[in-house]
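Please open the model in your viewer and keep the selection tool at hand.

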Amino acid sequence: MSVDRVHEVAPGTAAPVQRPVMAWTITGMLVLFIVVNWADKTVFGIAAQPLKEELGLTSAQVGFIGSAFFFLFSITGLTVGFIGNRVRTKWVLFTLAALWSLTMVPVLVSASFATLLISRIGLGAAEGPSGALANAAAFEWFPKEKRSFPSAWLSSGASIAKIAIAPLLALIVAVWGWRASFVVLALAGVAWALAWALIGRQGPFAAPLGRRSAPVAVQRVPFRRIALSRTFLGCVVGTFTMYGLVSVILTWLPSYFEVGLGIDRLQAGVMFGLPSISGMTAMLVISWFTDRRVAAGASARVQRGLVPAVALLVGGLLLALLPYLASPVLAIIAVVVGYGIGAAALPLANAAVSQICPPAQQAGTLGVFLALQSASGLFAPALTGWLVDVAATPSAGFALAFQVFGLAVVVGGIATALLVNPERDAQLILG
């Protein structure tokens with residue numbers, strides 16, 4: 001059977017044929033997809049201070065633009081995710097990557113508050129469905145008990161962007177200006193789309209699409225049964241609070257290092273990747289371990305419910321301590337370690353949600369889940385900008401903002417611990 005036709009093996013009629021080399025090749029391409037995705041997000045945080053100075057923006061305006069990225073992000077995540085239930089994810093992902101590059105053009109032609117705002121809104125609309133569809137495309141190649149680890153690699157694409165790409169973008173901004181960084185990212189989006197057109201394909205665990213699926217009974221359930229399950233709701237609450245922190249780090253971390261802690265601009269850009277190093281390490285190690293435990297028969301309630309809950313509780317508490325840390329070194333450690341530990345909950349939640357839905361509804365379910373999760377990005381960067389503007393000093397404003405979002409993450413951890421149980425809800429939903 002050729003690789004392109006593996007997906008024709010129907011669920012319930014024969015065991016899907018696993019192809020590890022192709023599975024990890026596709027996953028690698030999808031990690032690069034997320035790297036470009038997050039580099040596009042990250043560049044605004046890197047260029048925030050130069051843009052603020054050149055265009056005469058206030059901190060509140062910078063925060064508003066950071067939040068504007070999420071104006072359509074959740075809406076497109078909801079709608080395009082359901083399209084992914086009916087259309088091959090290969091071509092949806094190709095289209096999204098091409099659109100990312102197009103959204104970079106307006107601000108290059110005419111730099112102003114208005115064009116920057118329009119560009120970021122357009123980019124957010126094009127990137128809204130990306131995480132859900134990338135996870136859905138990867139999950140087509142892995143059984144349900146082995147999905148946390150590939151999802152962790154996809155989540156780590158954000159970390160890779162901030163560790164490896166952010167310093168390069170900071171250097172480009174420092175040497176050639178912020179416009180050059182936008183050009184580089186536009187070209188990167190085009191390059192990935194062309195490569196994906198040649199390499200991308202469906203996997204053996206995908207639900208059949210089109211006329212070839214007619215002879216096969218494809219399981220579907222009313223979506224409300226999934227969306228109102230305790231596991232889905234618990235994962236939404238937990239990751240909603242964590243994603244608010246992610247959006248704040250994305251928009252404000254270099255500015256916090258520079259104006260809040262007095263670190264040189266180029267060095268602040270390079271240090272942007274520090275929380276991502278801890279986040280990537282925690283995600284990969286914890287997801288690898290929990291996948292092995294679930295595959296060996298351990299409780300998914302513990303591995304995909306209680307483990308992420310503890311990660312959120314510990315990470316949130318560390319960030320909540322920030323106003324009480326007088327030393328810049330201790331403040332950096334609290335942000336880096338707290339963010340990293342909390343981020344480990346994200347891929348575990350993706351795997352938990354995928355465990356409770358039929359394969360034919362996976363893209364749509366993940367689309368709704370990640371759209372609701374990312375809705376916190378609508379207000380978190382703007383709230384941070386407002387707190388910085390009204391505080392006695394930028395340092396105090398940033399510390400208060402991190403404390404607020406840290407306490408929110410603690411609440412998310414409690415909700416995750418109380419609600420998430422994929423085994424129970426998979427039985428109730430799927431029968």
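Two residues are in contact when heavy atoms lie within 4.5 Å. The structure on display is a predicted model.

**First stop: Thr239**

Select Thr239, whose place is in helix α11. Is Thr239 buried or exposed? Its relative accessibility is 3%, and since buried means under 20%, Thr239 counts as buried. Now display its surroundings: leaving aside residues up to four places away in sequence, Thr239 touches Leu346, Ala349, Phe369 and Gln373.

**Second stop: helices α11 and α16**

The crossing of α11 past α16 is left-handed.

Next, show the side chains where the two helices meet. On α11 these belong to Thr231, Phe232, Cys235, Thr239, Met242 and Val246, and on α16 to Leu346, Ala349, Ala352 and Val353. Of the residues in the contact of α11 with α16, eight are nonpolar, two are polar and none is charged.

Return to Phe369 and Gln373, which Thr239 touches; both are among the buried residues of α17. Select the whole of α17, residues 362-374. Its 13 residues should span 18 Å at 1.5 Å a residue, and the end C-alpha atoms are 18 Å apart, which agrees. How many of the 13 residues of α17 are buried? Twelve are, so α17 is largely enclosed by the rest of the structure.

The contact joins Gly131, Ala132, Leu133, Asn135, Ala136 and Phe139 of α7 to Gln362, Ala363, Leu366, Gly367 and Leu370 of α17. By class, this contact of α7 with α17 comprises seven nonpolar and four polar residues, with no charged ones.

**Last stop: helix α2**

Finally, select α2, residues 59-68. Seven of its ten residues are buried, so α2 is largely enclosed by the rest of the structure. The buried residues are Ser59, Val62, Gly63, Ile65, Gly66, Ser67 and Ala68. To see what they pack against, display α1 (20-55), α6 (113-127), α18 (380-390) and α11, the helix that holds Thr239.

Technical notes
Residues numbered from 1 in each chain as written. Predicted model: local features only at pLDDT ≥ 70, side-chain atom pairs only at ≥ 80, totals over all residues. Heavy atoms only, no water. Left-handed = near helix turned anticlockwise from the far one by under 90°. Helix = DSSP H or I, 4+ residues; strand = E, 2+ residues; numbered from the N terminus. Nonpolar A, V, L, I, M, F, W, Y, C, P; charged D, E, K, R; others polar. Expected span 1.5 Å × (residues − 1). Buried < 20%, exposed > 50% of the residue type's maximum accessible area, 1.4 Å probe, protein only.
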